[in-house]
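This briefing covers one protein chain, from its overall build down to single residues. Please look over the sequence and the model before reading the points below.

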Amino acid sequence: MKALYLGKMAGWRMWASTLVVVVLSNVYGSSAIETDTLVPLDSHLFHSLRRISSPVVSPDHQKALFLTSYYDPDVNKEYNYLSLLDIEVGNMTQLTPVLEGSDRASNLVWLGPSTAGYLSKGALYQHDLVPHTNGTLLFNATLSINSATYRASSGILLFTASTLADGNISSVAKQLNVEKNRTDSAMVFDNLWARHWNKWMSEQKSTLFAINTTNEIYGAWQLGKETNLMQGLPPTKDSLLRWEVEGYTASEDGEHVAFVVRNPGLDMAWSTNVDIYLTATDGSMRPNLLTSAFKGIASGPTFSTDGSAVAWLQMETPGYESDINRIYMYNVTTGNMYSVAHEWDLSPQSILWSADNKVLYALTPDRGNRRLFSVDIATGKYKPLTDYGFVSSIARVGAGKLLAVYSNVTESSDIYTIDVGGSDGSLHGSMRRLTDVNGERLDGVYLSEAEDFWFTGAMRDKIHGWILRPVGFNATRKYPLALLIHGGPQQASMHAFGLGQWNPNMYASAGYATVIINFHGSSSYGQNFTDSIRQQWGGYPYEDLMKGLDHVISTYAFVDATRMVALGGSYGGYMANWINGNTDRFRALVAHDGQFNMVAGYYSTDELWFIEHDLGGAPFTAAGRAEYEKHNPERLADKFKTPTLFIHGANDFRLTLEQSLAPWTLLRRKGIPSRLVYFPDEDHWVSKMGNSMRWYEEVFKWMAEWTST
């Protein structure tokens, strides 16, 4: 016997007494399943769900700060507020009033045992933990602060702000005044690194500063003069190509900081050389390059609790942005560098030291989940501490406990404690839920579980996927199918509750049997599986998707093979175009910011390293051109016949607007129904909530039109 639908109680999956539970025979039998008490997850509710930030633990490990954000579709406004969480009891106290628009808080820090800090409108505010009160201004530079970190033991305040080549905060205001009086708007570039993601390069670069502070009696703060911690980096000739901090972390004693920078040079558009430097927060030492042995991407530095070592994640292969992350460490005292668990075949995305510095906790994708692992530093042995679902962040709470943000397909993100036991990393306890920010809103709402399946795909490899049953499911009926194709391509769909455009339960609530397949190239199944997509963009993944569909159709009798829609964004949009040139088994397609012309895409993208690695070269060589054409949907333009909805943001520099205009032109010129949804204020993603609602509206309207749903 198996029950289908889950309610929630105290953070654990409990069968809800208010729902209709039906006993099913064999594979759900043939009887109808009554779900009249469940309502669909509609767009209005979905976009108004609360979003929770990563908690920041207090110095005494008793409390945590976090932000709750939400959108009100009725007035098209976004809000958030700061709350205090009692970790032991689980009580929550709202600290600030609801903050709107540009007043919203971000970047939480502890400024003392009973003082919180946050950024708002580019300035640092302090809050004395009095419920429903506004914070007071603590620090306001002459330009906006982008991020801040504070270490109470040393009184060091670290922050980033955008500066000009002289590294002086005050110079930017002068330049802005000059810009106002310009008679032209020209931007001149000699270097190919002229834009990235959605922004054109400017002379302003994010710079890391430190300030000595003194907290006087009665809460008054004395702030010293800021010190530019990046001044000792090698000089650059081009003011548009300078050092720019992409991330940083400070030791708990506040003596050292490790920061991440992309190495400036003429090859920035086709190089993945991202480095980590170590320096003293008092500015007394020249920044020390820790990653000189590598030309790949370094990320996520984190200090041991005693400040004696820093660990980070390192990609060793130059030019490959999806290389496996190896764990490296640097001893601050001896200068020795070494690797831990180097033979591990999974790629951690975030690491944190244990309280006793004997274990690293690693958030690592594994077979469609993002699991918490412990890694023994002395032996390199690793073991999973969580299983199903998605752990998005962790923070230490004393010696044997972590505070985590966790979600799965049916439960939105909330804060949990995880008992991680002693220094051996053994799991002595379990997850305990502390918050339930959307429990009342999702009570009585249909949320389908993900039913995992495996099948034999390309290269006779086992491929993982899952299916969600549609709202009002009745085993005697046939349902249209929605195939969601993830982007990357070296990413993976996860058992998580996403709040963007690709939450599978939104499609299940729209009446579709919703299918997800992690094809060759997906992460979380070992690095060889991820690497296998190289020079196979239109090969193995397409074969996996088609064989996966065959498996679903033969296994799940309720799927209507004559009413199928495939949808994808980025690489998933490329695959929608590739599908259009290779099969007519779908009634309709949706391509969001997808690739249509591989050659034109190479010459217009912002990051050349990505496509050069994946396709094995550049199209201006004979061999490279042949490889690009091999996987080029435009080469198959004469075979396109499936109605397609194209969606694109004007500010997408990864895949420019022409990549959707071209196939839309093709289909319209051939007399094939097609539609273009254009967002002039979006980029590779749809980030504005009102636009996201319109995105779903247009997608579901298109799908319903072609599947008679």
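Buried means under 20% relative accessible area, exposed means over 50%, and partly exposed lies in between, with a 1.4 Å probe and protein chains only. Helices (H or I, at least four residues) and strands (E, at least two) are DSSP runs, numbered from the N terminus. This is a predicted model, in which local features need pLDDT of at least 70 and side-chain atom pairs count only at pLDDT 80 or more, while totals for chains, interfaces and linings use all residues. Residues are numbered from 1 along each chain as its sequence is written, and side-chain values use heavy atoms, with hydrogens and water left out.

**Overall build**

- The chain contains twelve helices and 43 strands.
- Its radius of gyration is 26 Å, close to the 27 Å that the globule rule gives for 709 residues, so the chain is as compact as a globular protein of that length. The radius is taken over C-alpha atoms, and the rule is 2.2 Å times the number of residues to the power 0.38.
- The C-alpha trace spans about 75 × 65 × 55 Å along its principal axes.
- Of the 709 residues in the chain, 59% are buried.
- Contact means heavy atoms within 4.5 Å. Among the contacts with a separation of 6 or more, 58% are between residues 24 or more positions apart.

**Surface and charge**

- The chain has 57 positive and 72 negative charges, and their mean positions are 4 Å apart. Lys and Arg count as positive and Asp and Glu as negative, with His and the chain ends not counted. Each charge is placed at NZ of Lys, CZ of Arg, CG of Asp or CD of Glu.

**Nonpolar cores**

- A nonpolar core is a set of buried Ala, Val, Leu, Ile, Met, Phe, Trp, Tyr and Cys residues joined through side-chain atoms within 4.5 Å.
- The largest such core has 98 residues, and L483, Y507 and V699 have the most contacts inside it.
- Helix α12 (residues 689-707) supplies the largest share of this core, with seven residues.
- Leaving out residues up to four places away in sequence, V699 touches Y507, L567, V590, L645 and I647.
- A second, separate core has 20 residues, including L124, A161, L164 and W221.

**Enclosed helices**

- In helix α9 (residues 608-615), seven of the eight residues are buried, so the helix is largely enclosed by the rest of the structure.
- The buried residues of α9 are L608, W609, F610, I611, H613, D614 and L615.
- Their cover includes β21 (256-262), α8 (598-604) and α10 (622-630).

**Backbone exceptions**

- Most residues other than glycine have a negative phi, and most peptide bonds are trans.
- G488 and P489 are joined by a cis peptide bond, with omega about 0°. P489 sits in the loop between β38 (479-485) and α4 (504-509).
- H61, which is not a glycine, has a positive phi of about 65°. H61 lies in the loop between β4 (56-57) and β5 (63-72) and is partly exposed, at 33% relative accessible area.
- R460 has a positive phi near 60° and is likewise not a glycine. R460 is in the loop between β36 (451-456) and β37 (462-468) and counts as exposed at 72% relative accessibility.

**Two loop residues**

- A194 is in the loop between α2 (169-180) and β15 (195-196) and is buried, with a relative accessible area of 9%. Apart from neighbours within four places in sequence, A194 contacts F189, K199, W200 and M201.
- S114 is in the loop between β9 (106-112) and β10 (115-120) and is partly exposed, with a relative accessible area of 45%. Apart from neighbours within four places in sequence, S114 contacts H127, D128 and L129.
- S114 and V130 are 16 residues apart in sequence, and their C-alpha atoms are 9.7 Å apart in space.
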